[in-house]
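Thanks for coming. I will go through one model this morning, and the slide comes up now.

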Amino acid sequence: MTFAPRPIVGHLPHWARDPLGLLEHNAGRAEGVFELRLGVNAFVGHSPAWNRFVLGDLERFGSRHSFSKWVPYLAGGVILTDAPQHKVRRAELNPGFHPHALEHLRAVIGTALEPVLPTGSFDARDWAARVSLTALNASFFEGDFDPILLEDFLHPLHRAFPAPLLPRPRLFKRVDAELRRLLEARAAQPRHDLLSYLRRFDNPLEEARVSLAAGYDTTAHTLSWAAWHVAQQPRWTQDLGSAVKETLRLYPPGFVGSRRALETSSFEGRRIPKGSIVLYSPYLTHRSPAYFANPLEWTPERFESHPEAWTYLPFGAGERTCVGMHLANLVIGVALEGLFAQPVRAVRGDPAPRPGLTLAPRGALILERS
Ligand code: HEM
């Protein structure tokens with residue numbers, strides 16, 4: 001397979017067809033940072049020093065004009081807020097998503113997931129998608145959001161390109177109307193859910209929308225992979241925390257993250273001009289033998305020791321670290337505990353990652369639960 005840039009369109013056709021192949025091919029050839037022509041010039045690296053360079057300085061690298069801007073689902077709220085306002089917004093958002101603030105949701109999510117528990121043989125991907133929808137509905141809205149509308153809204157995120165990138169003004173309008181209805185109910189009587197927390201912001205609709213979109217398929221895909229691997233190595237039911245960490249290492253749903261250079265800078269002697277896109281890739285870093293021994297093997301015991309700084313970043317790193325990290329871990333933990341309360345056996349599947357907006361399992365992951 002050749003990944004050479006083509007006249008005019010550069011690397012775009014390769015990016016559209018096989019972004020993981022393109023990234024791996026170039027990372028294997030270049031020692032440090034490499035350049036891709038993706039409509040604009042994009043600089044890509046995966047060393048801990050690069051990750052720190054890109055993620056550690058919000059004044060130099062902004063999110064507002066990054067690739068997120070082109071994804072209607074993610075184009076808004078805190079995701080498109082840059083320094084210095086970003087710090088203020090995160091300081092307001094973080095307390096609502098802190099593990100202490102979420103603890104009461106453990107029981108709420110557990111109860112909501114009971115009807116979703118499978119018996120017999122099932123595809124872990126379908127189960128995990130149902131879990132993610134149900135748990136988001138329970139934690140943000142106490143289950144009050146119209147479940148069919150929520151599924152219609154989030155389903156395109158699972159689909160191949162260009163589906164997640166298409167504007168869907170009518171659907172978004174319906175979602176906003178539903179959010180408005182739920183906000184009004186909470187104005188009359190506050191609840192103990194995340195929408196009640198988001199009411200304090202000037203743009204609660206937008207923050208809720210981008211959080212649902214950022215949290216849905218990422219959580220679902222991680223959960224389906226974790227269930228698949230734990231079913232094959234059931235001793236990890238005793239340490240689901242390490243199993244989930246390892247799953248996020250091998251299959252980081254956010255396989256690449258983007259920023260826009262707000263000023264010209266240089267990294268290890270390489271000039272990064274103002275206006276360029278810069279990409280970091282948890283996928284490349286996590287699968288590099290320089291940072292993880294036998295990187296393609298699923299071996300949760302590696303988390304008995306801490307990974308080197310800036311080498312493990314499934315939730316990003318620095319000030320933009322995922323707001324929903326603790327919520328995702330809570331949902332995944334509760335769902336796996338419920339699932340593995342009965343013996344589960346892996347029947348057949350293809351867990352290789354398939355890139356879309358996020359990484360997803362390529363094929364069905366058939367499990368059997370007694
Ligand atoms: C396993 C599940 C999840 C994964 C792997 C994940 C991954 C990530 C990553 C890599 C970033 C950083 C992106 C960047 O550097 O630009 C991020 C940011 C974000 N995530 Fe998550 N996420 C998950 C679940 C969630 C959930 C459940 C929510 C719901 C609240 C959420 C909301 C967000 C938001 C709002 C941001 C933007 C933060 C900012 O720009 O300050 N995520 N996530």
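Ile8 counts as exposed, because it has 7 C-beta neighbours inside 10 Å; a residue is exposed if 12 or fewer other C-beta atoms lie within 10 Å of its own, buried if there are 20 or more, and partly exposed in between, with C-beta atoms placed from the backbone. Ile8 is not a glycine, yet has a positive phi of about 65 degrees. Ile8 lies in the segment before helix 1 (12-17); helices (H or I, at least four residues) and strands (E, at least two) are DSSP runs, numbered from the N terminus.

This is a predicted model, and local features need pLDDT of at least 70, side-chain atom pairs count only at pLDDT 80 or more, and totals for chains, interfaces and linings use all residues. Residues are numbered from 1 along each chain as its sequence is written.

Asn294 also has a positive phi without being a glycine, near 40 degrees. Asn294 sits in the loop between helix 13 and helix 14, and is exposed, with 9 other C-beta atoms within 10 Å.

Next, the cis peptide bonds. One runs from Ala83 to Pro84, with omega near 0 degrees, and Pro84 is in the loop between strand 3 and helix 4 (85-93). Another runs from Phe161 to Pro162, with omega near 5 degrees; Pro162 belongs to the loop between helix 8 (147-154) and helix 9 (169-188).

Five strands form an open sheet with mixed pairing, in the order 1-2-8-5-3; two strands pair if DSSP finds at least two bridges between them. Strand 1 (34-38) and strand 3 are at the edges with a single partner strand each, so one side of each has no neighbour in the sheet. Strand 1 pairs with strand 2 in the antiparallel sense over five bridges, and Leu38 stands opposite Val40 in strand 2. Helix 3 packs on this sheet, touching strand 2, strand 3, strand 5 and strand 8, and its direction makes about 130 degrees with that of strand 8. Axes here are lines fitted to C-alpha atoms, for helices over the stretch in contact, and angles run from 0 to 180 degrees between N-to-C directions.

How many residues of helix 3 are buried? Six of the eight, in a helix that spans residues 48-55; they are Pro48, Trp50, Asn51, Phe53, Val54 and Leu55. Among the elements they pack against are strand 6 (265-267) and helix 13 (282-286), where contact means C-beta atoms, placed from the backbone, within 7 Å.

The other open sheet has three strands in the order 4-12-9, with antiparallel pairing. Its twist averages 25 degrees from one strand to the next. Strand 9 and strand 12 (residues 365-369) pair over five bridges, and Arg348 has Ile366 of strand 12 as its bridge partner. Helix 7 (residues 124-141) lies across strand 4 and strand 12, at about 75 degrees to strand 4.

Last, the ligand. Of the 23 residues around the ligand, Gly215, Gly254, Gly316, Cys322 and Gly324 come nearest; a residue is near a molecule if its C-beta atom, placed from the backbone, lies within 6 Å of it. Helix 11 supplies the largest share of this shell, seven residues. Helix 11 (204-232) and helix 14 (325-339) each give at least two residues to the shell.

Methods. Two residues are in contact if their C-beta atoms, placed from the backbone, lie within 7 Å.
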